[in-house]
Amino acid sequence: MNISKIIIHASTYGLFMPLIQSEHKTTASKIKRVTTGVPGLDELIAGGIPKGSTTLVSGPPGSGKSILCSQFLYKGVDEGDRCLFLTLDKKVEGLLTQMEELGINFQPAIDRGQIKFLFLNINKKLIYETMTNEILSGDYERIVLDSITPLSEMPIYIKNQEIANNINIIGPEEFTAGTNFPIRRLHLHYIMNALETSNCTSLVTSELLHGSSNLSRDGLSEFLADAVIFLNYDSTMDRRKLSIMKMRSTKHTLKPQDIEIGYGGIKII
Ligand SMILES: Nc1ncnc2c1ncn2[C@@H]1O[C@H](COP(=O)(O)OP(=O)(O)O)[C@@H](O)[C@H]1O
Ligand SMILES: [Mg+2]
C-alpha cells in the first residue's frame with residue numbers, strides 16, 4: 001500500500017510549500033515601508049518608515065512637528081490608507097485651518113470618512129479609554145498622536161496593584177535622571193502598547209524645551225519608540241533642521257538635514 005507515501009506527499013505540499021513562500025517573501029522585501037509625505041525624507045530612510053512601527057517626532061514648539069504629522073497622514077489619504085489624527089494641543093478646527101494654509105486640505109477625506117480627527121481633552125477622566133478604543137477599534141493604517149507630552153505629565157492613580165505589577169519593566173540602564181519614572185513609564189507603555197497592538201504605523205510628537213539634551217520631554221519615549229525624528233531650528237542663522245536619531249531596521253544618516261517649511265509643508269533642501 002502506498003498510504004505512507006501519500007501522507008508524505010500531503011505534508012510536503014501542505015507544509016513545505018508555504019514555508020518556501022514565506023521565506024521568499026522575507027528575502028525579497030524584508031521590511032515593508034510607509035512613505036512619509038515629506039519630500040526628500042524617504043530617500044534618507046531606505047524608502048520610508050518601517051510598517052507597523054512607532055516614530056517619535058520631537059522638537060521645540062514651532063519646529064514643524066504638527067506639520068510633518070499632517071503631511072504623513074495627507075500622504076496616507078493619497079495612498080488610500082485609513083488615518084486617525086489624535087490631537088491634544090489644538091481644537092480640530094484650528095489645526096485644519098493651519099494645514100489648509102499650507103495647501104494640505106483634509107476636508108474631502110474627512111467627508112469620505114477616510115480620515116478622522118479627534119480632539120482629546122486632557123481634563124476628561126476617560127481620555128485614555130477614548131483614545132485606546134479609537135486606536136484599537138478603527139482599523140487604521142496610519143495614526144498620529146500630537147502630542148504625548150500632556151498625557152505623560154498627567155497624574156494617574158492605580159487602584160489595583162496587580163495591574164501595576166503586570167506592566168513590563170524597563171532596565172535601569174535605559175533611564176536618565178529623574179524620580180517619577182514608574183508613573184511616567186506606565187503612561188507611556190499604555191499608549192505605546194495600544195499603538196503597537198493596532199498594527200498601524202504611527203507618529204507620536206513630543207514637545208521639547210529649547211536646548212534640552214533629551215529627545216523627548218519625558219526623557220523616556222525615545223527609548224520606547226522604534227524611531228526618533230528630531231526637528232529643530234537655529235533662530236540666529238534662520239535655519240531649520242531635521243535629524244533621524246534612531247530608526248530600527250534602517251541604515252540612515254545621523255547628519256542634521258536642512259529643511260524648509262512652505263507650501264506643501266516641510267521639505268528637505
Ligand atoms: N504657511 C507657512 N509658511 C511658512 N512657514 C510656516 C507656515 N505655517 C507655519 N509655518 C511655520 O511652522 C511653524 C509651526 O509648525 P508646527 O508644525 O505647528 O510646529 P510644532 O507642532 O512643532 O509646534 C510656525 O511657527 C512657522 O514657523
Ligand atoms: Mg504642534
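Student: Which residues are around ligand 1?

Tutor: In this predicted model, the residues around ligand 1 are Gly 59, Pro 61, Gly 62, Ser 63, Gly 64, Lys 65, Ser 66, Ile 67, Glu 101, Leu 102, Ile 261 and Gly 262.

Student: Which elements give two or more residues to that shell?

Tutor: Those are α2, residues 65-78, and β10, residues 257-262. The largest share of the shell comes from α2, with three residues.

Student: And how many of the shell residues are nonpolar, polar and charged?

Tutor: Four are nonpolar, six polar and two charged.

Student: Changing topic to β7. How many of its residues are buried?

Tutor: Seven of seven, so by the cut-off of 20 or more other C-beta atoms within 10 Å, strand β7 (residues 201-207) is mostly covered.

Student: What sits on each side of β7?

Tutor: Thr 201, Leu 203, Thr 205 and Glu 207 lie on one side, and Ser 202, Val 204 and Ser 206 on the other. These are all buried, and both faces of β7 are covered.

Student: How many bridges join β3 to β7, and do the strands run parallel or antiparallel?

Tutor: Six bridges join β3 (residues 54-59) to β7, and the two run parallel. Thr 54 has Ser 202 of β7 as its bridge partner.

Student: What about β6: how many bridges join that strand to β7?

Tutor: Four bridges join β6 (residues 142-146) to β7, again with the strands parallel.

Student: Which residue in β7 does Ile 143 stand opposite?

Tutor: Ile 143 stands opposite Ser 202. Ser 202 is also the bridge partner of Thr 54.

Conventions:
Residues numbered from 1 in each chain as written. Chains lettered and ligands numbered in written order. Predicted model: local features only at pLDDT ≥ 70, side-chain atom pairs only at ≥ 80, totals over all residues. Near = placed C-beta within 6 Å. Nonpolar A, V, L, I, M, F, W, Y, C, P; charged D, E, K, R; others polar. Buried ≥ 20, exposed ≤ 12 C-beta atoms within 10 Å, placed from the backbone. Pairing = 2+ DSSP bridges.
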